[in-house]
Amino acid sequence: DVPRPVHLTLITPQSTAVFDQPGSYSVELTDSETSVIVREGAATVSAQGKTVLLDDKERQRTLVRAGSPPMEALPAERNLIQNGDFDVGLQPGWTTRTQQEVPEQPSPVVAVTTAAGQRAVQFSRPGQDLNWAYVGIRQDVNRDVREFSSLRLHLAVRIEAQDLFNCGAYGTECPVMVRLLYEDKDGAPHEWLKGFHANPDLSGRTPTFCVTCPPPGAGNHDRLTPGIWRTYDSPNLIQLFGDQQISIARVSAIEIYASGHTFVSLISEVELLAQE
């Protein structure tokens, strides 16, 4: 949403990537290789005299290893989430839920909106001296993931305002929190949570993680800069759960919600990326 053309060239030790269109891209860089993924838009990746064009028709990716040309365009990871960019609203795919401690107080609201050119879902509850409330969206996934070697969560997060420090006294009241519900190979239920906040407690008295959440948690909640979009890419959840001696077999559902007293937050680009 700028009134002039933008041309972005990204140079890494292994390659040169050119992005001519607005869109959504991921670039992962290590000492030995560069990975480029196009979720929306288009990119050209060049190295060793060879150029590969990536576009969003099949959510393409390429990999460039040191001293080698880029691989031919490959399909990006399979996205297990339906309608994660909210281009058509919350339907199809999502249901909403609200809850609050005092029914007479202002209710939290979930709505599809556009913020800084980004289509998003906004969770909001303005006011002062309010009691606890919750508002969120949920999608039932119900997918067997045992054939996949990698499972990663990607989303974009933006927090405009919150009144609590960090995520509250127990680390459970984040203006954005993601809960992934899944089952192990024996059918036992588990959950994994990741929170985001933008109002740090500089005194250090408020926890920076969920005190009451079961393992394997995602560690500390992420601190964001207010009013700025930030993308989050999880580690490989199959490996993370395996390190906790949990063998994931099925993803049941994903919930994304805001919890607290006063908050305004947004989420977009919700993807659960599975790769064989």
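Strands, as the word is used here, are DSSP runs of at least two residues, numbered from the N terminus. In this predicted model, the protein has 1 helix and 20 strands, and Pro-92 is found in the loop between β9 (78-79) and β10 (95-100). A cis peptide bond, with omega at about 10°, joins Pro-92 to Gln-91.

As for the overall form, the C-alpha atoms fill a box of roughly 65 × 55 × 40 Å along the principal axes. A compact globule of 276 residues would have a radius of gyration near 19 Å, and the 20 Å of the protein agrees with this. Of the 276 residues, 48% count as buried.

Two residues other than glycine with a positive phi are set out below.

| Residue | Phi | Place | Relative accessible area |

On the surface, Glu-40, Asp-56, Asp-85 and Asp-87 gather in a patch of negative charge. Glu-40, which lies in strand β4 (residues 33-40), has a relative accessibility of 47% and therefore counts as partly exposed, since that term covers values between the 20% limit for buried and the 50% limit for exposed.

Definitions and conventions: Residues are numbered from 1 along each chain as its sequence is written. This is a predicted model: local features need pLDDT of at least 70, side-chain atom pairs count only at pLDDT 80 or more; totals for chains, interfaces and linings use all residues. Side-chain values use heavy atoms; hydrogens and water are left out. Patches are made of residues with over 30% relative accessible area and no salt bridge: like charges are joined within 9 Å, nonpolar side chains (Val, Leu, Ile, Met, Phe, Trp, Tyr) within 5 Å. Accessible areas come from the Shrake-Rupley method with a 1.4 Å probe; for residues, only the protein chains shown count as cover. A salt bridge is a side-chain nitrogen of Lys or Arg within 4 Å of a carboxyl oxygen of Asp or Glu. Lys and Arg count as positive and Asp and Glu as negative; His and the chain ends are not counted. The place of a charge is taken as NZ of Lys, CZ of Arg, CG of Asp or CD of Glu. Helices (H or I, at least four residues) and strands (E, at least two) are DSSP runs, numbered from the N terminus. Buried means under 20% relative accessible area, exposed over 50%, partly exposed in between (1.4 Å probe, protein chains only). The radius of gyration is taken over C-alpha atoms; the globule rule is 2.2 Å times the number of residues to the power 0.38.
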